[in-house]
Amino acid sequence: MKRLIAIAALAAAFAAPAALADHHGAKKTFADLDADSSGGVTLAEIQATKPEMTAEKFAKYDTDGSGDISAAEHDAWKAAKADKKKDGDKASY
């Protein structure tokens with residue numbers, strides 16, 4: 001049991017800096033998110049780096065209802081996010 005706790009603590013110690021680095025700047029590419037290189041990103045794959053992603057939000061971006069987000073759907077998501085940020089920036093002036 002002590003060994004399991006030690007392994008978990010070690011894993012958390014290595015994961016925390018990576019999670020913080022992602023949160024504070026580095027944008028994840030489609031290839032980064034597609035952990036199994038299947039050509040589609042599942043909810044679980046996104047939640048690995050964005051735990052706040054809900055099934056409802058995921059479904060919004062999975063426009064064809066396939067259960068994963070394709071590269072084209074990912075690009076559309078990023079473009080929509082950039083447009084929203086751009087519009088928000090204009091509104092804040």
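Which residues is H74 in contact with, leaving aside its neighbours within four places in sequence? H74 is in contact with K28, T29, F30, L33 and I69. The legends below place H74 and other residues in the model.

This is a predicted model, where local features need pLDDT of at least 70, side-chain atom pairs count only at pLDDT 80 or more, and totals for chains, interfaces and linings use all residues. Residues are numbered from 1 along each chain as its sequence is written, and side-chain values use heavy atoms, with hydrogens and water left out.

**Figure 1. The protein chain holds five helices and zero strands.** Along the sequence the pattern reads α-α-α-α-α. Helices (H or I, at least four residues) and strands (E, at least two) are DSSP runs, numbered from the N terminus. The chain has 93 residues, and 16% of them are buried. Buried means under 20% relative accessible area, exposed means over 50%, and partly exposed lies in between (1.4 Å probe, protein chains only). The chain exposes about 6900 Å². Carbon and sulfur atoms supply 63% of that area. Accessible areas come from the Shrake-Rupley method with a 1.4 Å probe; for residues, only the protein chains shown count as cover. Take the contacts between residues at least 6 apart in sequence: 36% of them join residues at least 24 apart. Contact means heavy atoms within 4.5 Å.

**Figure 2. The largest nonpolar core has eight residues.** They are F30, L33, V41, I46, M53, F58, I69 and W77. A nonpolar core is a set of buried Ala, Val, Leu, Ile, Met, Phe, Trp, Tyr and Cys residues joined through side-chain atoms within 4.5 Å. Look at M53. Not counting residues up to four places away in sequence, M53 touches L43, I46, Q47, F58 and W77.

**Figure 3. Y61 and W77 form a stacked aromatic pair.** How many aromatic pairs are there? The count comes to one. In that pair, Y61 and W77 sit 4.4 Å apart centre to centre, with 15° between the planes. Y61 lies in helix 4 (residues 55-61) and W77 in helix 5, so the pair ties together parts that are 16 residues apart in sequence. Rings of Phe, Tyr and Trp (its six-membered ring) pair if their centres lie within 6.5 Å; planes under 30 degrees apart count as stacked, over 60 as edge-to-face and the rest as tilted. Y61 is partly exposed, at 22% relative accessible area. W77 is buried, at 8%. K78 lies over the face of W77, at 5.6 Å from the ring centre. A charge sits over a ring if NZ of Lys or CZ of Arg is within 6 Å of the ring centre and within 35 degrees of the ring normal.

**Figure 4. E73 and H74 are buried residues of helix 5.** Helix 5 spans residues 71-92. E73 has a relative accessible area of 7%. Not counting residues up to four places away in sequence, E73 touches Y61, D62, T63, D64 and D68. H74 has a relative accessible area of 5%. A72 is also in helix 5. Is A72 buried or exposed? A72 is exposed, at 58% relative accessibility.

**Figure 5. D62 lies in the loop between helix 4 and helix 5.** D62 is buried, at 8% relative accessibility. Leaving aside neighbours within four places in sequence, D62 is in contact with G67, D68, I69 and E73. D62 and E73 are 11 residues apart along the chain, and their C-alpha atoms are separated by 6.7 Å. D62 and V41 are 21 residues apart along the chain, with their C-alpha atoms 9.6 Å apart.

**Figure 6. E52 and K50 form a salt bridge.** The structure holds one salt bridge. The closest N and O atoms of E52 and K50 are 3.4 Å apart. A salt bridge is a side-chain nitrogen of Lys or Arg within 4 Å of a carboxyl oxygen of Asp or Glu. E52 is partly exposed, at 46% relative accessible area. K50 is partly exposed, at 28%.

**Figure 7. S37 has a positive phi although it is not a glycine.** The phi of S37 is about 55°. Where is S37 found? S37 is in the loop between helix 2 (30-33) and helix 3 (43-49). S37 is exposed, at 64% relative accessibility.
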